[in-house]
Each structure stands twice: as structure tokens, then as C-alpha cells.
Amino acid sequence: MTMHSHTEAEIRDSLETAAQPPERVKLGSLLASIAHEAAGLTDAEAAYFNQLRDKTPTDPMRFE
């Protein structure tokens, strides 16, 4: 690995960590909790809908 590609890899890693910190609020989970409160769902109903949700993480956008 050349110096340039090593530095580029470090910068990409830093940007990825900055864009997706582990403690971030996940939009899907936030919207699901708002819907749970607004709809007056029971915990059992909310759990059922939570099982149906697609929780597959999306791939970050690439500009290459």
C-alpha cells in the first residue's frame, strides 16, 4: 500500500465514523416509536410491527 492510498483509507474511515457514529439516532426506530405513541398501540402490537420492519442497514452513498 502506498503512502497516498494509506492516507486515503484513513480519511475514508474517519469520514465514515463521523457520518455514522454508533450513538446516532436511527430514523426508522425514531419513526416507529412516534407511530407507536401516536397510534396508541399496545406493547404486543408494537412488538409485532417491529418484527415486520426491515432493519437491514443501508449502504452509504458512494461518489466514485
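Is E8 buried, partly exposed or exposed, and what is its relative accessible area? E8 is partly exposed, at a relative accessible area of 34%, where buried means under 20%, exposed means over 50% and partly exposed lies in between, with a 1.4 Å probe and protein chains only. Before I go on, please note that this is a predicted model, in which local features need pLDDT of at least 70 and side-chain atom pairs count only at pLDDT 80 or more, while totals for chains, interfaces and linings use all residues. Residues are numbered from 1 along each chain as its sequence is written, and side-chain values use heavy atoms, with hydrogens and water left out.

Let me stay with E8. The structure holds one salt bridge, a term that here requires a side-chain nitrogen of Lys or Arg within 4 Å of a carboxyl oxygen of Asp or Glu. E8 makes that bridge with R12, and the closest N and O atoms are 3.1 Å apart. Both residues belong to helix α1, residues 3-19, and because they are four residues apart there, about one helical turn separates them; helices are DSSP runs of H or I with at least four residues, numbered from the N terminus. R12 is likewise partly exposed, at 40% relative accessibility.

Next comes helix α2, residues 27-39, where L31 is placed. With 13 residues at 1.5 Å a residue, α2 should span 18 Å, and this agrees with its end C-alpha atoms, which are 18 Å apart; the expected span is 1.5 Å times one less than the number of residues. After α2 comes G40, whose phi is positive, near 70°.

I turn now to the aromatic side chains. The structure holds one aromatic pair. The ring centres of Y48 and F49 are 5.7 Å apart and the planes are at 65°, so this pair is edge-to-face, given that rings of Phe, Tyr and Trp (its six-membered ring) pair if their centres lie within 6.5 Å, with planes under 30 degrees apart counted as stacked, over 60 as edge-to-face and the rest as tilted. Y48 is partly exposed, with a relative accessible area of 47%, and F49 is also partly exposed, at 45%.

Finally, two residues with their distances. N50 is found in helix α3 and is partly exposed at 31% relative accessibility; its C-alpha atom is separated by 9.9 Å from that of H36, 14 residues apart along the chain.

Notes:
Helix = DSSP H or I, 4+ residues; strand = E, 2+ residues; numbered from the N terminus.
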